[in-house]
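Please keep the sequence and the structure in view while reading.

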Amino acid sequence: MIRRILRTNASVRIVALVCALAPLLIARELNAQAALTVPAGLPDWAFNVPDAIQPSAVRVEGIVRVPGSAKEYDAAAIAGTATPPDWFPDEHPAAPRSVTGGPGIQAACGACHLMSGQGHPEAADIAGMPAEYLIRQMAYYKAGTRQEEARMGPIARATSDEDVREAAEYFAALKSITFVKVIETATPPKTFIATAGRHRQLHPDGGTEPIGRRILEIPEDVFRTTIRDPHSGYIAYVPPGSIARGEALVKGGASGKTVECALCHGEALKGLGEVPRLAGLQPLYIARQLFDMRYGSSAGKAAELMTRVVKNLSDDDIIAISSYLGSLPPQ
């Protein structure tokens, strides 16, 4: 059963739904988490800052299951970052403890990046990424040359070099899959950003809203996303014309601007040597990284090169490039 408490300006409505696959979900009014820090000048939509007013709140409790898996878990046991669920263990090689969690592990890689490596919009899609690239990024986080103190900085400093390498080799061995559908529309469904998981969700009142100059990415199934089902992906709504404009920019320039991603990332943008793939990454994640590079919070030789590439890109350019790259097949 799913019970939801919905807050409106005039009243509180209680809606009861029955879901055959879901356990008891008890809906309670939750306080919005403290505001996140967004670098000055960067758009808050790229950082999934929870709305101050939460129109709907749910808490997952009891035994949970996902379609196609023989596994089941107590929701409380997999709710944090220390022990992520492994719904489909036959789909990947044996994972090290830095990924699965265990004694002394407070933030297992599989919690944010999933056991499949695909991740959610707040975390990178690292499935099939070169191991040396992943190791290098962790070193940047540990040194502070790549800044992300809300999460990755402290995690990198608390993780041994051996655990980093084992995790990197595990994720490098995985096969990436299409995990996001990019849809162009001027009027996407009305959404809000929930406190739990910082996921953008459909607004319980329904309706649509103008897309504006944004990328709005929502789970295909909020429940399955909440319990980290790697088979349940995302939908990314982007402004009309974004994919074609992004393709023009990526393939050599538009309006006098040149990006030419293939020079470093390969002709099909699926990676080249130790340079990571761009094809099929989540558009919201790509946009956030480009904004960070333009702002200067990412460093290292590659980031320095990228900063020179993106410094003259407008917000609309970044949205278009992210939309096009996200629309490409990862394999």
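A residue is called buried when its relative accessible area is under 20%. By that criterion, 49% of the 331 residues of the protein are buried in this predicted model. The protein has eleven helices and twelve strands.

Helix H11 covers residues 315–327. Its 13 residues should span 18 Å at 1.5 Å a residue, and the C-alpha atoms at its ends are 18 Å apart, so the two values agree. Is H11 mostly covered or mostly open? Helix H11 is mostly covered, with ten of its 13 residues buried. The buried residues include Ile318, Ile319, Tyr324 and Leu325, and also Asp317. The elements that cover the buried residues of H11 include those in the table.

| Element covering H11 | Residues |
|---|---|
| strand S8 | 180–184 |
| strand S12 | 234–238 |
| helix H7 | 242–250 |
| helix H9 | 283–295 |

Two of these elements, S8 and S12, also belong to an open sheet of three strands, ordered S8-S12-S11, with mixed pairing. Strands S8 and S11 (216–219) form its edges, each pairing on one side only. On average, neighbouring strands of this sheet are turned by 20° against each other, direction ignored. Strands S11 and S12 run antiparallel and are joined by four bridges. In S12, Ile235 is the bridge partner of Ile218.

Terms used. Residues numbered from 1 in each chain as written. Predicted model: local features only at pLDDT ≥ 70, side-chain atom pairs only at ≥ 80, totals over all residues. Heavy atoms only, no water. Helix = DSSP H or I, 4+ residues; strand = E, 2+ residues; numbered from the N terminus. Buried < 20%, exposed > 50% of the residue type's maximum accessible area, 1.4 Å probe, protein only. Expected span 1.5 Å × (residues − 1). Contact = heavy atoms within 4.5 Å. Pairing = 2+ DSSP bridges. Axes fitted to C-alpha atoms, helices over the stretch in contact; angles between N-to-C directions.
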